[in-house]
Amino acid sequence: MKKLLFLLLFPVLTFGQSFNLKHEILEQGPFVVGDTITVKYQLIDNTNSVTARLLQFDIGWDLDKLTRLGTPNWQLTTPDNKSFTHNYWSGYTYISAPGYDWSELTQQHKNGWTYTGGGNEGVARFTIQSVDDVGPELFLQQFTIKDITGTNATDYTDAVRFNWAYLIDSNNVSTYDVFPDPSRELDLNASNSIPAGTVTFQLQTPNAENISDYMIVIETLEQYQSMQGGTQQSHNYVQGNFNASAQFITTELKQDTPYIVNVFIAGTYDQENQTNVYPQWLDDVVTVSDVMQTFKQAIGTEPDGTGNVFQYNIQKRLANVDQQGPNDPVDFKDSYALLAHIAGILDNAADQNNSEAQEFYPITSFANGSMNTSGFFDTFGTPINSEEEWLASRTFTLEDDQPITFNFAHGLMGDADLSHSTTPNLNADTEISALAKSRRMPNILMAAPQETIDLDIVSELINGEVVLEINLTKEDLAGMQFNISYDKSILMFKDIIFDTGNTMTNFAKHFDDGRINLGTINIKEENVKTGKPFKLVFVPKVSIQNTAGLVTFKVTDAVKHNGTKVNLNIQ
């Protein structure tokens with residue numbers, strides 16, 4: 001558990017010929033019930049001339065707050081030259097020497113300290129005698145933090161303390177003042193909460209190959225709301241990436257504490273260039289299939305433009321990238337924003353505060369990063385109409401320490417076909433209403449691909465150039481898209497030749513890292529021309545004998561005019 005150290009930091013007291021008994025908690029807080037703390041004890045010599053021969057001191061701890069674990073772990077230097085003992089008692093109350101401050105540990109010893117029985121204090125007495133210096137390292141003592149519910153204690157102040165100390169020099173004639181460092185008491189600032197055991201978050205996503213890029217963040221609802229209200233305070237997030245099984249497992253959560261959880265795609269920060277860096281696969285999320293499905297939803301299923309084509313409510317949320325208020329429907333502005341995005345002509349900005357952008361469209365991409373929505377799988381996609389409903393879709397409270405698993409869902413803005421987002425359970429809350437369902441046309445869009453076709457790809461050396469041709473025989477495709485990468489150490493990109501049809505919208509974007517996104521779409525009537533609609537030309541940088549393995553297809557996507565998503569099987 002990642003913790004921060006919370007101690008009372010008073011000035012160190014040093015008075016002439018004096019010593020300090022130092023105690024500190026090695027772990028970092030804040031602490032919670034069940035945590036183990038290790039208290040380190042040292043003797044600090046402020047005289048630089050006295051050989052401490054005999055040291056004896058008492059510590060006490062509140063039995064309602066702490067349980068002692070084991071015996072001291074002695075840390076003495078040259079232990080063979082020292083004799084050391086310890087004794088423990090339980091159920092006492094320390095009575096301070098009258099007229100003396102509790103921090104004057106030597107005066108406490110000299111002037112009438114005592115204990116009475118029937119109290120709530122554990123007591124330990126340590127005696128160390130040596131032929132050389134006693135200190136500085138003494139010992140480690142561990143304690144476990146107890147639940148103070150039902151006791152007279154209200155907090156964890158004064159949990160462990162010094163009572164008195166006695167120290168004489170090597171001549172056995174002089175006693176020296178001993179003061180506590182940093183204070184007589186150590187305050188734990190512990191939270192009276194109880195661990196909740198093992199909690200597993202299982203992410204339901206079709207994007208398993210990139211699962212390591214997904215991060216989960218869990219914080220208390222109180223922390224979240226304080227930040228939303230503008231209150232700046234330290235946050236102790238529970239966070240991390242999902243493992244290869246799309247799971248995040250933690251034992252750091254507590255019982256009876258409301259938590260809020262969110263999932264997002266993690267990025268990194270390039271300190272040198274002062275920019276955020278996101279996974280490249282984010283450019284594979286929005287494709288021609290998302291554009292066409294959003295366009296069909298905007299048209300509607302009835303002559304008057306009413307009705308629904310999407311099957312799930314979450315598709316409406318993810319497709320609504322041109323947002324005009326909370327009740328803004330999916331319309332032509334959304335489909336054209338997505339079309340302009342994949343064509344590389346959208347007037348958008350990676351920085352939403354960039355005044356040069358006419359409008360920011362929350363479309364997931366490599367440039368803008370992930371635009372995330374997440375929630376519990378059982379309610380993912382349920383319409384959300386208030387802040388309370390939004391919180392309910394991602395908050396939880398644990399009531400015991402039994403292992404529990406939460407199924408979680410995640411979506412990316414622009415992903416209308418749910419290629420990289422969770423497909424919800426089909427139920428009355430997540431699907432389009434029964435009335436809308438009864439009015440659907442036969443060409444209803446499904447979240448899963450409905451067809452798969454084989455696509456012939458040929459690459460060869462022609463006149464010293466590498467020519468890659470995509471051959472198409474299927475006649476009813478409204479759009480196609482390919483995201484490819486090529487070996488920059490061997491090839492230099494030269495050209496793309498389109499032969500897709502007279503009214504098709506062709507697009508291509510070349511990246512410096514050896515990626516090319518290209519495709520074509522017509523959202524009205526014309527189909528992609530069969531034959532060889534795409535030809536890519538590269539110039540070899542070195543002598544090559546064949547073209548195998550030089551170009552890799554990362555994304556292959558196609559769609560029909562009725563919105564059917566088509567998988568392309570590269571041959």
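These legends describe an overall view and several close-up views of one predicted protein model.

The model is predicted, so local features need pLDDT of at least 70 and side-chain atom pairs count only at pLDDT 80 or more, while totals for chains, interfaces and linings use all residues. Residues are numbered from 1 along each chain as its sequence is written, and side-chain values use heavy atoms, with hydrogens and water left out.

View 1. Helices (H or I, at least four residues) and strands (E, at least two) are DSSP runs, numbered from the N terminus. Of the 571 residues, 49% are buried. Buried means under 20% relative accessible area, exposed means over 50%, and partly exposed lies in between (1.4 Å probe, protein chains only). The protein exposes about 26,400 Å², and carbon and sulfur atoms supply 47% of this area. Accessible areas come from the Shrake-Rupley method with a 1.4 Å probe; for residues, only the protein chains shown count as cover. Among contacts with a separation of 6 or more, 76% are between residues 24 or more positions apart. A contact means heavy atoms within 4.5 Å.

**View 2. Arg515 forms salt bridges with Asp283 and with Asp513.** A salt bridge is a side-chain nitrogen of Lys or Arg within 4 Å of a carboxyl oxygen of Asp or Glu, and the structure holds 20 of them. The closest N and O atoms of Arg515 and Asp283 are 3.6 Å apart. Arg515 lies in strand S26 (residues 515-521) and Asp283 in the loop between strand S17 (275-277) and helix H3 (288-299), so this pair ties together parts that are 232 residues apart in sequence. In the pair of Arg515 and Asp513, the N to O distance is 3.0 Å. Arg515 is buried because its relative accessibility is 10%, whereas Asp513, at 35%, is partly exposed.

**View 3. Glu451 and Lys560 meet in a salt bridge with an N to O distance of 2.4 Å.** The pair links distant parts of the chain, with Glu451 in strand S21 (residues 451-462) and Lys560 in strand S28 (residues 551-560), 109 residues apart. Glu451 is partly exposed at 25% relative accessibility, and Lys560 is buried at 12%.

**View 4. Five strands form an open sheet with antiparallel pairing, in the order S5-S6-S3-S8-S10.** Strand S5 (82-95) and strand S10 (185-186) stand at the edges with a single partner strand each, so one side of each has no neighbour in the sheet. Two strands pair if DSSP finds at least two bridges between them. Strand S3 (residues 52-62) and strand S8 (residues 160-169) run antiparallel and are joined by 9 bridges. Phe162 in S8 is the bridge partner of Ile59.

**View 5. Thr205 sits in the loop between strand S11 (199-204) and strand S12 (214-220).** Thr205 counts as buried because its relative accessibility is 18%. Its side chain reaches the backbone nitrogen of Asn207 at 3.1 Å. Leaving aside neighbours within four places in sequence, Thr205 is in contact with Ile211, Tyr214, His420 and Thr422.

**View 6. Ile299, Phe332 and Tyr336 make a nonpolar surface patch of about 260 Å².** Patches are made of residues with over 30% relative accessible area and no salt bridge; like charges are joined within 9 Å and nonpolar side chains (Val, Leu, Ile, Met, Phe, Trp, Tyr) within 5 Å. Tyr336 is found in helix H5 (residues 332-343). With a relative accessible area of 39%, Tyr336 is partly exposed.

Conventions:
Polar contact = N/O pair within 3.5 Å; in protein donor to acceptor, adjacent residues only side chain to side chain.
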